[in-house]
Amino acid sequence: MARVTVEDCIDKVDNRFELVLLASHRARQISQGASITIDRDNDKNPVVALREIADETLSPDDLKEDLIHSLQKHVEIDEPEQESGSSSSTAALVSKSDEDDDMPEPVTFDQMSEEELLAGIEGLVPPEKSDDY
């Protein structure tokens with residue numbers, strides 16, 4: 001396919017498998033409408049992606065970071081810690097009331113002692129056998 005281009009890319013990305021991941025991710029970006037950084041020269045998207053990596057118009061580290069970000073399903077957002085004081089307690093109350101509207105109430109379970117559990121188990125009656133099984 002593009003042997004010369006792949007051999008040029010190995011200098012920039014040491015691992016061939018990582019190169020495949022990065023080039024395929026970039027080719028998908030191009031097919032979704034991302035602007036290319038080199039002349040197309042009637043090449044298809046995978047070849048354009050490899051040529052961009054070989055010519056170093058895109059940083060492999062940036063591509064890798066973007067690939068990781070696109071595969072993440074849950075992104076953690078660092079929120080600043082609230083300062084202690086009256087303003088933070090009112091903010092906590094406001095956010096708590098907002099959360100209560102959206103979140104269902106937590107499920108609570110009754111506590112029972114071991115004796116109560118054993119007494120309940122002894123009181124159970126086994127189901128009657130039927131001919132259907």
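**Figure 1. E52 and R26 pair up in a salt bridge.** In this predicted model, the closest N and O atoms of E52 and R26 sit 2.6 Å apart. E52 belongs to helix α3 and R26 to helix α2, so the pair ties together parts that are 26 residues apart in sequence. Are these two residues buried or exposed? E52 is buried, with a relative accessible area of 0%. R26 is buried too, at 5%. Under 20% is what it takes to be called buried here, so both residues qualify. As a general point, side chains of opposite charge can pair when their charged atoms come close.

**Figure 2. D41, D43 and R51 form one salt-bridge network.** D41 sits in the loop between α2 and α3, while R51 is in helix α3, so their pairing ties together parts that are 10 residues apart in sequence. D43 counts as partly exposed, at 22%. R51 counts as buried, at 18%.

**Figure 3. Helix α2 from end to end, residues 16-31.** Does the length of α2 agree or disagree with what its residue count predicts? At 1.5 Å a residue, the 16 residues of α2 should span 22 Å, and the end C-alpha atoms are 22 Å apart, so the two agree. At the start of the helix, a side-chain oxygen of N15 comes to within 2.9 Å of the backbone nitrogen of F17. Just after the helix, G33 takes a positive phi of about 110°. The buried residues along α2 are L19, L22, A23, H25, R26, A27, Q29 and I30. When looking at a list like that, keep in mind that an α-helix has 3.6 residues a turn, so residues three or four places apart point the same way.

**Figure 4. L19 and the largest nonpolar core.** This core has 16 residues, and the ones touching the most other members are C9, L19, L22 and I53. Helices α2, α3 (45-54) and α4 (60-71) each supply at least two residues of the core. Now zoom in on L19. Which residues does L19 contact once its neighbours within four places in sequence are left aside? The list is V6, C9, I10, V13, L50 and I53. Two names on that list, C9 and I53, are also among the residues that touch the most other core members.

**Figure 5. The whole chain, for context: six helices and zero strands.** From the N terminus on, the elements simply run α-α-α-α-α-α. Of the 133 residues in the chain, 20% count as buried. Taking contacts between residues at least 6 apart in sequence, 48% join residues at least 24 apart. The chain exposes about 11,700 Å², and carbon and sulfur atoms supply 51% of that area.

Key. Residues numbered from 1 in each chain as written. Predicted model: local features only at pLDDT ≥ 70, side-chain atom pairs only at ≥ 80, totals over all residues. Heavy atoms only, no water. Helix = DSSP H or I, 4+ residues; strand = E, 2+ residues; numbered from the N terminus. Expected span 1.5 Å × (residues − 1). Buried < 20%, exposed > 50% of the residue type's maximum accessible area, 1.4 Å probe, protein only. Polar contact = N/O pair within 3.5 Å; in protein donor to acceptor, adjacent residues only side chain to side chain. Contact = heavy atoms within 4.5 Å. Areas by Shrake-Rupley, 256 points an atom, 1.4 Å probe, with all protein chains shown as cover. Core = buried A, V, L, I, M, F, W, Y, C linked by side-chain atoms within 4.5 Å. Salt bridge = Lys/Arg side-chain N within 4 Å of Asp/Glu carboxyl O.
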